[in-house]
Amino acid sequence: MSRDISTVGVVGLGTMGAGIVEVLARAGLTVVGVDVSAEAVARGRARIAESTTRAAARGKLTEEQQRDIFERVTLGTDLTSVVSADLVLEAIPEQLAHKQALFAELDKICGPDTILATNTSSLSVTELSVATTRSSRVVGLHFFNPAPVMKLVEVIRTVVTEPDVLADVVALAERLGKSPVVAGDRAGFIANGLLFAYLNHAASMYEQKYATREDIDAAMRFGCGLPMGPLAVLDLVGIDTAYEILEQMYRQSRDRLHAPAPILKQMRTAGLLGRKSGRGFYTYE
Ligand code: CAA
C-alpha cells in the first residue's frame with residue numbers, strides 16, 4: 001500500500017547527509033538528523049547553515065525561508081528520535097558491517113511500515129536489506145554531490161523490493177525537485193558505474209606525471225564541456241569515499257578499470273581527502 005512520506009530520518013550528517021537534510025527541508029518535509037557525536041552534529045549543522053546562507057546570498061532563499069528550513073530540522077545524537085519517520089535514509093561511511101548493524105538497529109526502532117533507504121554508492125542494497133526483517137521495504141536512494149545542486153537521484157530496487165515502496169520513493173525524489181532514475185542492485189549503479197573508471201584513469205594519468213593536474217582538468221572542461229575536471233571531482237567526492245567506491249566496484253566486477261589507482265590509497269592514508277580536509281589534488285582555503 002502506498003504511503004505519503006512527510007517525515008524523514010537521516011542518519012549520518014557528513015557531506016552527503018547534511019546536504020540531503022537540506023534538500024528534504026527545502027522541499028517542506030520534517031527532518032530528523034542523527035550522527036554519533038555532538039561534534040559531528042555541530043559540523044552537520046554548520047554545513048547546512050553554510051549552504052543555505054550561500055543560497056540566501058544568491059537570492060535563492062529569503063532569510064525567512066532559511067529560518068523555516070531550520071525549524072523543520074531536528075538534529076541530535078539519539079538514534080531513537082527517528083521513531084516516527086516514514087522513511088529513514090542512512091548516509092554513514094561506506095562500510096558494509098557498519099551499515100548492516102545500523103539497519104538492524106533501525107529495524108527494531110522503526111514501525112513496520114517505515115521504509116529504510118541507503119545512500120550507498122557501491123555496497124549491495126540486497127546485503128543491507130537482509131540485515132532487517134523488512135527486506136521488501138528497503139531501497140537505495142543515492143544522491144550526488146553537492147546534493148542540493150545535483151538533479152540526479154538513483155533509486156535502487158532489489159529483487160524483493162515492493163513495487164509500492166519503489167513508487168513512493170520515486171514520488172519522494174520528484175517532490176524534492178530531483179530527476180530520479182531506477183536501477184537494479186549492482187556496485188556503482190548507473191552513474192558511478194560509468195564515472196569512476198574515468199575518474200580512476202585521470203588519477204593514474206596524474207600519478208604517471210603524464211600531465212599536470214590543471215591540464216588534465218582543463219582538457220575535460222574545455223574539450224568535453226564538463227563543469228569540473230576529474231581531479232576536482234575526486235576532491236569534491238572525497239578521496240576516501242572515491243577509494244572505497246572503486247574498491248567495492250573492483251571487488252564485484254574484477255574489471256581492472258576499477259582497480260583503485262595506487263595514488264588514491266596513498267592520499268587516503270596521508271589524510272589528503274580533498275575539499276573536506278582542505279587538501280587533495282588541490283589545496284582549499
Ligand atoms: N553546496 C550547495 N550548493 C552549492 C555547492 C555546494 N557544495 N557548490 C555550488 N553550489 C551551488 C551554488 O550556490 C550555485 O547555486 P545557484 O545556481 O542556485 O546560484 C550553483 O551550485 C552553481 O555554483 P557556482 O556557480 O558557484 O559554480 P559552478 O557553476 O561551477 O557549479 C557545481 C558548481 C554544481 C559543483 C558544478 O561544478 C558541477 O556540477 N560539478 C560536477 C559535480 C559532480 O560531478 N558531482 C558528482 C560527483 S559523483 C557523486 O556524487 C556520486 C557518488 O556517489 C560519490
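Predicted model: local features only at pLDDT ≥ 70, side-chain atom pairs only at ≥ 80, totals over all residues.
Local features were taken only where pLDDT is at least 70 and side-chain atom pairs only at pLDDT 80 or more, whereas totals for chains, interfaces and linings use all residues. Residue numbers start from 1 along each chain as its sequence is written. The mean pLDDT (the predictor's confidence in each residue, from 0 to 100) of the protein chain is 96, with 99% of its residues at 70 or more. For the complex, the predictor gives a pTM of 0.93 and an ipTM of 0.92.

The protein chain comprises domain 1 (7-183) and domain 2 (192-276), with bounds from an automatic or database domain assignment. A distance of 26 Å separates the C-alpha centres of domain 1 and domain 2. Their contact (C-beta atoms, placed from the backbone, within 7 Å) involves 6 residues from domain 1 and 10 residues from domain 2. The side of domain 1 that touches domain 2 consists of 4 polar, 1 nonpolar and 1 charged residues; Ala, Val, Leu, Ile, Met, Phe, Trp, Tyr, Cys and Pro count as nonpolar, Asp, Glu, Lys and Arg as charged, and the others, Gly among them, as polar.

The ligand lies between domain 1 and domain 2, because both give residues to the shell around it. There are 19 residues around the ligand (C-beta atom, placed from the backbone, within 6 Å), of which S121, F144, N145, P146 and P227 come nearest. Two or more residues of the shell come from each of α2 (38-57) and α9 (230-237), helices being DSSP runs of H or I with at least four residues, numbered from the N terminus. By class, 11 nonpolar, 5 polar and 3 charged residues form the shell around the ligand.

Definitions and conventions: Contact = placed C-beta atoms within 7 Å.
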